[in-house]
Amino acid sequence: MVAFNLLRISGPAVSQRYQEFSAHFSELPAKYGLEVRAAADVSPPEHSVLLGDLAGSAGFTKLVAVGFPSSRVFASAWSDEAIVRAFPLRKQMWADGFEHVWLRCDE
């Protein structure tokens with residue numbers, strides 16, 4: 001299964017918070033067999049490939065495709081204790097305009 005991430009990281013403060021949040025993922029690739037297939041920064045975000053309500057007025061700033069061995073592994077990874085402990089770090093990111101959408105893609 002491939003999960004396509006659409007991220008809006010609005011400004012340096014959110015970028016720093018996202019780096020702190022994503023540091024909790026460092027052990028997940030080995031533990032769950034996931035791999036980043038592709039990643040791209042969208043600059044400027046107004047040129048994002050998505051338009052309309054999903055993209056919002058600011059567009060997405062990062063697009064990432066992550067491969068998982070199966071949808072069950074995806075669910076297990078996102079309920080892993082390391083991620084659960086990191087979720088409170090997202091509160092201020094959301095307040096500052098962070099956006100994260102997962103799109104599931106079958107290979």
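**A sheet and a pocket, explained**

Biologist: What makes strand 1 and strand 4 a pair?

Modeller: They run antiparallel and 7 bridges join them. Two strands pair if DSSP finds at least two bridges between them, so these count as a pair. For instance, Val2 has Cys105 in strand 4 as its bridge partner. By the way, this is a predicted model, where local features need pLDDT of at least 70, side-chain atom pairs count only at pLDDT 80 or more, and totals for chains, interfaces and linings use all residues. Residues are numbered from 1 along each chain as its sequence is written, and side-chain values use heavy atoms, leaving out hydrogens and water.

Biologist: OK, the largest pocket: which residues lie nearest its centre?

Modeller: Tyr18, Phe25, Val36, Val64 and Val66, out of 19 lining residues. A pocket is an open set of points on a 1 Å grid where a 1.4 Å probe fits, with protein on both sides within 12 Å along at least five of seven lines; lining residues have an atom within 4 Å of a point.

Biologist: How does that lining divide into nonpolar, polar and charged?

Modeller: 15 are nonpolar (Ala, Val, Leu, Ile, Met, Phe, Trp, Tyr, Cys or Pro), 3 polar and 1 charged (Asp, Glu, Lys or Arg). Strand 3 gives the most, with 3 residues.

Definitions and conventions: Helices (H or I, at least four residues) and strands (E, at least two) are DSSP runs, numbered from the N terminus.
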